[in-house]
Amino acid sequence: GKHLLGLQNVSPEEIKLILDVAKKMKNIVLSDDKKVPLLKGKSIINLFMEPSTRTRSSFELAGKYLGADVINLSPSGSSMGKGESFRDTLLTMSYMGTDAIVMRHSAEGAPLYATKAVDPIIINAGDGAHEHPTQALLDMYSILEKKESLEGLKVVIIGDIMHSRVARSNIYGLTKMGADVHLAGPRTMVYPELEKLGVTVHHDIREAVANADVVNVLRIQLERIHSALYPTNREYARIFGINNEVLKLAKDDVMVMHPGPMNRGLEIAPDVAYSDQSVIQEQVRNGVAVRMAVLYLTIIGGDGSELAY
Ligand code: CP
């Protein structure tokens, strides 16, 4: 077994393997009988210390479709609410004989810490502003359903990059796969030092979106923003919001993406989110297949050729 903590230290070949296996897993998701025995006899714990709709339910479905036993644990309703420490919680999960722990935590590095504290495979489902690797993988998978290759594609990531683990994982993944990655947002959310990661930084949304193949709109994380340095919601929507008028500057076949949850009318106009250019619904659908691939490859391994789906 192998951990998945982020995409920073994953090779392009490993990313390609996960995306190829996800394609086989999607065939299972689309079939009449979704239950296969690839993880039969394995147990997975979803340990979510921060709220989640998409990631937690798709990991749960992914594990169950593959035949594993899956349990969800969160601070409310567990002894974490009585003050039991994170380390003791991990140890307790480990004593039960769990094979993998899927973990979301507000602290950057919590999954790395877990790999040192206990034996089960650790999969990062989002740690603070650090990484959210399965989101970036499902974003790349969704792009590749429409485009032949990531090589040379102009992908623009817009919004609150500074607070975004989704942005960080997408930057690592997309640059490794040869995409031309651009970031855009207010100066307090997107700073020039990010160019060290091999991306281009913009503060003018029109300049960023010009000729784009993909526009990935991030959620403004209102729960993490408490400073007069940030634009108000009204200012943000007017200057950086993605609407049909701005999108006219992109390529005709531009794909619009959003990891969810959306602030409708803030970072993205509702008619854009539900337009023909939007693949937001596909992203959610693909999340299950990509997480099946990640669970299979981390717990079982192999190169995917053994899978007849
Ligand atoms: N995109 C994403 O991680 O959504 P959730 O927070 O609902 O899991």
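This is a predicted model: local features need pLDDT of at least 70, side-chain atom pairs count only at pLDDT 80 or more; totals for chains, interfaces and linings use all residues.
Next, display the residues around the ligand: S52, T53, R54, T55, G126, Q135, P259, G260 and P261. Coloured by class, this shell shows two nonpolar, six polar and one charged residue.

**The two domains**

Now colour the chain by its domain assignment, which gives domain 1 (12–132 + 284–299) and domain 2 (146–278). A distance drawn between the C-alpha centres of domain 1 and domain 2 reads 27 Å. Select the contact between them: twelve residues come from domain 1 and eleven residues from domain 2. On the side of domain 1 that touches domain 2, the elements giving two or more residues are α1 (12–30) and β4 (121–127). That side of domain 1 comprises four nonpolar, five polar and three charged residues.

**The five-stranded sheet**

Move to the open sheet, where five strands run in the order β7-β6-β5-β8-β9 with parallel pairing. Select its edges, β7 (200–202) and β9 (255–257): each has a single partner strand, so one side of each has no neighbour in the sheet. Viewed across the sheet, neighbouring strands are turned against each other by 20 degrees on average, direction ignored.

Within the sheet, select β5 (residues 154–158) together with β8 (residues 214–217). These two strands pair in the parallel sense over four bridges. To inspect this pairing at residue level, show V155, which stands opposite V214 in β8.

**E282 in helix α11**

Finally, select helix α11 (residues 280–299) and centre the view on E282, which is found in this helix. Is E282 buried, exposed or partly exposed? E282 has 16 C-beta neighbours inside 10 Å and therefore counts as partly exposed. Which residues does E282 touch, leaving aside those up to four places away in sequence? The contacts of E282 on that basis are S142 and E145.

G260 and E282 are 22 residues apart along the chain, and their C-alpha atoms are separated by 12 Å.

Technical notes. Residues are numbered from 1 along each chain as its sequence is written. A residue is near a molecule or strand if its C-beta atom, placed from the backbone, lies within 6 Å of it. Ala, Val, Leu, Ile, Met, Phe, Trp, Tyr, Cys and Pro count as nonpolar, Asp, Glu, Lys and Arg as charged, and the others, Gly among them, as polar. Domain bounds come from an automatic or database domain assignment. Two residues are in contact if their C-beta atoms, placed from the backbone, lie within 7 Å. Two strands pair if DSSP finds at least two bridges between them. Axes are lines fitted to C-alpha atoms, for helices over the stretch in contact, and angles run from 0 to 180 degrees between N-to-C directions. A residue is buried if 20 or more other C-beta atoms lie within 10 Å of its own, exposed if 12 or fewer, and partly exposed in between; C-beta atoms are placed from the backbone.
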